[in-house]
Amino acid sequence: MPKPVLLLTRRLPEAIEARCARDYDARLNSADTPWYRDGAEIARRATETGAAGVFCAAGDPMGAATITALPDSVKVIATFSVGTDHIDIAAARARGITVTNTPEVLSFATAECAFTLMLMAARRAGEGERMVRAGAWEGWAPTQLMGVTLEGKRLGIAGFGRIGRELAAMARGFRMEIHYRDLRRAPPELEQGATFHGDDREFLSAIDILSMHMPGGEATRRWLNAERLGWMKPGAIVINTGRGGSVDDAALVAALTAGHIRAAGLDVYDGEPKVFPGYLGLESVALLPHLGSATLETRDAMGRRALDNLDAVLLRGEAAPDAVG
Ligand code: DGY
């Protein structure tokens, strides 16, 4: 039996590419051609190769137009991400294509990234680092770059899924008070004493630091807009490691410029890799290049999880453990 053809839209960690090559007729993307940004090109390559599976990643253009143009040979799209907002799940379902993601394995790393941003924003770490690199530091001074402590602050987690709950566990170690907003209240064993809010205004006006962990898509688009920012306490901090589209960038820049929001830490952006220009000149914003899950351990685990799903469908003819939708 020939091995099923697997089209990889991106270069992946070495061990994952090796497993792809061992078990599939793997067609690897070459490192220097960003063809994966073009949905028509993905569909063309899938057609040329007779791909049975497409191994894609966060941000790839897997919308309805791409999915409609895929050949009938494609049975499964496995994304190297927990987020699936780049994939039109309904279009895939209509074509009988299974879509899978990589839940759980990146929760800790992404929460770690949110915590990193929270510390950077609260303690002005990016600003300090830039000062040292620029040779502008003139020595220790009693009032230099004073930030705020996390201890005793109210952390508001918007989206209390696995990542949000990992962040809550870390924040308890910093003696923070945990509040969360979600569509429904979590059971006590997951809540672990965190305070649930069923209303945005009540939630946002109660907290000192907001950390956003909501899925992308229309339901959360521009959720953090001027009105909601206005409900937050003066001097509050905003962190986003979920999806960039959940923030109204112009409104956040205005709130930062006015000093209503003290600082922000962002790992995700609307229309990545573009970054809203208003952030770039603001010292009070820490900016990371979407590296929430970027640890050696996590990226390997994500690759293994994606391949476990591909193997189930393409090698064993079974249901995918992480089928979405
Ligand atoms: C995801 O998994 O959705 C992240 O955004 C990329 O790791």
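## Around the ligand

Let's start at the ligand in this predicted model. The residues around the ligand are Ala-58, Ser-81, Val-82, Gly-83, Leu-106, Gly-292 and Ser-293. Sorted by class, that shell has 3 nonpolar and 4 polar residues, and no charged ones.

How far can you trust the picture? The protein chain averages a pLDDT of 97, and 99% of the residues score at least 70.

## Asn-101, a buried loop residue

Asn-101 sits in the loop that runs between strand 5 (98-100) and helix 5 (107-123). Is Asn-101 buried or exposed? Asn-101 is buried, because 23 other C-beta atoms lie within 10 Å, and the cut-off for buried is 20 or more.

Setting aside neighbours within four places in sequence, Asn-101 is in contact with Thr-79, Ser-81, Val-82, Thr-84, Asp-322 and Val-324. Two of these names, Ser-81 and Val-82, also turn up in the list of residues around the ligand. Arg-45 is another story: Asn-101 and Arg-45 are 56 residues apart in sequence, and their C-alpha atoms are 22 Å apart in space.

## Two domains

As for where they touch, 5 residues of domain 1 are in contact with 8 residues of domain 2. On the domain 1 side of that contact, there are 3 polar and 2 charged residues, with no nonpolar ones.

## What the UniProt record lists

UniProt, in an unreviewed entry, lists residues 39-320 under "domain: D-isomer specific 2-hydroxyacid dehydrogenase catalytic". In the model, that span is 39% helix and 16% strand, and its end C-alpha atoms lie 24 Å apart.

The unreviewed entry also has "domain: D-isomer specific 2-hydroxyacid dehydrogenase NAD-binding", for which UniProt lists residues 115-292. Here the end C-alpha atoms lie 10 Å apart, and the span is 34% helix and 17% strand.

A bit of background first: most residues other than glycine have a negative phi, and most peptide bonds are trans. Which residues does a cis peptide bond join? That bond links Glu-272 and Pro-273, with omega at about 10°. Pro-273 belongs to the loop between strand 11 (261-266) and helix 12 (277-280).

Then there are the positive phi values. Leu-145 is not a glycine, yet has a positive phi of about 45°. You'll find Leu-145 in the loop between helix 6 (125-133) and strand 6 (154-158). Leu-145 counts as partly exposed because 13 C-beta neighbours fall inside 10 Å. His-290, also a residue other than glycine, has a positive phi near 45°. The loop between strand 12 (285-287) and helix 13 (296-315) is the place to look for His-290. With 18 other C-beta atoms within 10 Å, His-290 is partly exposed.

Note on methods:
Residues numbered from 1 in each chain as written. Predicted model: local features only at pLDDT ≥ 70, side-chain atom pairs only at ≥ 80, totals over all residues. pLDDT = per-residue confidence, 0-100. Near = placed C-beta within 6 Å. Nonpolar A, V, L, I, M, F, W, Y, C, P; charged D, E, K, R; others polar. UniProt positions renumbered as here; feature names shortened; annotations may be inferred. Helix = DSSP H or I, 4+ residues; strand = E, 2+ residues; numbered from the N terminus. Buried ≥ 20, exposed ≤ 12 C-beta atoms within 10 Å, placed from the backbone. Contact = placed C-beta atoms within 7 Å.
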